[in-house]
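Me: I am new to this protein and would like to learn how to read its features one by one. Could you guide me through them?

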Amino acid sequence: MEKRRIEKLGAETSLLGFGCMRFPVTATGEIDEAEAERMMDRAIGEGVNYIDTAYPYHGGSSESVVGKVLKKYRRDSFYLATKLPLWKVEKLSDVNEIFEEQLAKLQTDYIDFYLMHAVNKERWDKMVGLGCIEALEKLKAEGRIKYLGFSFHDNYEVFEEILNYRDWDFCQIQFNYMDTEEQAGLKGYRLAEEKNVPLIVMEPVKGGRLAAFSGDIMDKFKKADEKASPASFALRWVGSFPNVKVILSGMSTMEQVEDNLRTFKDFKPLSEEEYALVEDVADTLKGRVQNGCTKCRYCMPCPAGVDIPGCFSVWNNYHIYQNYNIVKQDWEINIGESHQAKNCVKCGKCEAACPQKLSVREDLEKVQADLDKKELVL
């Protein structure tokens with residue numbers, strides 16, 4: 001199992017981290033505990049020593065399941081990561097109350113890697129105002145938190161502000177070959193490397209989007225290595241960056257565990273030829289984008305209730321990955337009928353406000369037509 005030395009912390013972590021957000025579930029939606037344990041045991045048995053969970057995963061049950069499984073292992077044989085749910089912190093005392101609840105669920109008396117969860121500008125300002133960072137530093141001084149960091153979801157400018165606020169032990173960002181200019185992105189990677197802040201990476205396979213493709217893309221990967229999965233190329237792309245110390249994979253099946261173990265047991269950074277292949281795939285996928293919506297939201301709110309940037313995001317992803325199943329949840333549930341493109345009344349307010357000068361009304365017609373057809377399904 002590939003390991004990465006984090007000199008700053010005196011720790012050595014497995015490059016593959018077991019993400020506990022997508023455990024297998026039963027027909028009733030509960031975690032299939034027996035299968036989850038079997039998967040974790042398999043990964044740990046092969047050298048995975050970084051286990052990542054969080055307060056809200058699986059409706060709040062992930063931490064408890066992780067605690068049960070890890071109880072049979074020596075506490076110093078693994079690194080445990082979990083996160084403070086910032087959206088639940090309304091007063092400073094909430095920090096300690098939530099932390100104690102997490103320790104109880106996880107059946108431990110300390111957390112190795114503790115993160116402020118899903119930090120964005122609004123949450124960051126609120127936590128600074130409440131004195132949350134000082135409260136977490138106190139828990140660290142007491143030895144109840146070993147390493148303090150944050151997971152990030154906002155733009156680069158906010159990332160720079162937060163990273164420069166203090167000397168962080170580590171931080172966690174979304175990073176993959178399709179998202180080099182999204183959120184912290186490649187600029188964020190370089191800043192963290194410059195400031196000697198080790199990186200944990202989430203969404204290396206972009207929520208599964210970089211694991212299954214249309215035939216033309218699959219042929220590109222198979223030509224390079226007939227036995228390697230597309231996901232392995234995505235993981236190796238991330239692992240080729242030296243300041244990436246852990247790559248989290250939210251595994252849902254034993255097949256995914258085995259595929260990841262094959263990638264990381266004899267880990268090889270991408271060769272120049274493989275890197276060029278991944279760049280070519282990324283360019284091909286990005287070339288399928290239907291319009292240049294930047295999600296600036298100047299078009300919002302829509303008088304008719306249409307989630308214009310949300311509709312364009314789903315539409316673009318549908319064509320990029322050519323798979324309706326990838327966008328089904330976002331389109332049918334998260335956006336839902338009341339906010340879909342079909343509700344556009346063609347008032348034109350959006351087009352007057354759009355800095356990109358997009359033909360919003362015309363494109364919304366195309367969005368609805370394409371997604372109603374659901375023709376692209378792998």
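Me: Is strand 6 enclosed or open to the outside, and how many of its residues are buried?
Reply: This is a predicted model. A residue counts as buried when its relative accessible area is under 20%. In strand 6, nine of the nine residues are buried, so the strand is largely enclosed by the rest of the structure.

Me: Which strands pair with strand 6?
Reply: Look for the bridges between strands. Strand 5 (residues 79-84) runs parallel to strand 6 and is joined to it by four bridges. In that pairing, A81 stands opposite F113. To get from strand 5 to strand 6, the chain passes through helix 3, and this β-α-β crossover is right-handed. Strand 7 (residues 145-152) also pairs with strand 6 in the parallel sense, over six bridges. There, Y147 is the bridge partner of F113.

Me: What can I read from T108, and where does it lie?
Reply: T108 belongs to the loop between helix 3 (93-106) and strand 6 (111-119). Its relative accessible area is 14%, so T108 is buried. A polar atom of the T108 side chain lies 3.1 Å from the backbone oxygen of Y110. Leaving out residues up to four places away in sequence, T108 touches R75, L80 and L103.

Me: What about strand 3, and what covers its faces?
Reply: Side chains along a strand can be sorted by the face they sit on. For strand 3 (residues 16-19), both faces are covered: L16 and F18 are buried on one side, and G17 and G19 are buried on the other.

Me: Which strands does strand 3 pair with?
Reply: Strand 3 pairs with strand 10 (residues 244-250) in the parallel sense, over four bridges, and G17 stands opposite L248 there. Strand 3 also runs parallel to strand 4 (residues 50-52), with two bridges joining them, and F18 stands opposite I51. Between strand 3 and strand 4 the chain crosses through helix 1 (residues 33-45), in a right-handed β-α-β crossover.

Me: Which residues touch the most other members of the largest nonpolar core?
Reply: Here is the general idea: in soluble globular proteins, nonpolar side chains tend to be buried together. In this model the largest nonpolar core has 113 residues, and those touching the most other members are F18, M116, L136, F150 and Y177. The largest share of this core, eight residues, comes from helix 12 (residues 308-321). Among the contacts of F18, beyond its neighbours within four places in sequence, are F23, M39, I51 and V257.

Me: How many residues does the second core have, and which does it include?
Reply: The second core is separate and has 13 residues, including Y50, Y79, L115 and V246.

Me: How should I read helix 12, starting with its reach from first C-alpha to last?
Reply: A helix can be checked by its span, its surroundings and its ends. Helix 12 has 14 residues and reaches 20 Å from first C-alpha to last, close to the 20 Å expected at 1.5 Å a residue. Because 14 of its 14 residues are buried, helix 12 is largely enclosed by the rest of the structure. Just after helix 12, Q322 takes a positive phi of about 50 degrees.

Terms used
Residues are numbered from 1 along each chain as its sequence is written. This is a predicted model: local features need pLDDT of at least 70, side-chain atom pairs count only at pLDDT 80 or more; totals for chains, interfaces and linings use all residues. Side-chain values use heavy atoms; hydrogens and water are left out. Buried means under 20% relative accessible area, exposed over 50%, partly exposed in between (1.4 Å probe, protein chains only). Two strands pair if DSSP finds at least two bridges between them. A crossover is right-handed if, with the strands pointing away from the viewer, the path from the first strand over the helix to the second runs clockwise. A polar contact is a pair of N or O atoms within 3.5 Å; within protein, one must be able to donate a hydrogen and the other to accept it, and residues adjacent in sequence count only if both atoms are side-chain atoms. Contact means heavy atoms within 4.5 Å. A nonpolar core is a set of buried Ala, Val, Leu, Ile, Met, Phe, Trp, Tyr and Cys residues joined through side-chain atoms within 4.5 Å. The expected span of a helix is 1.5 Å times one less than its number of residues.
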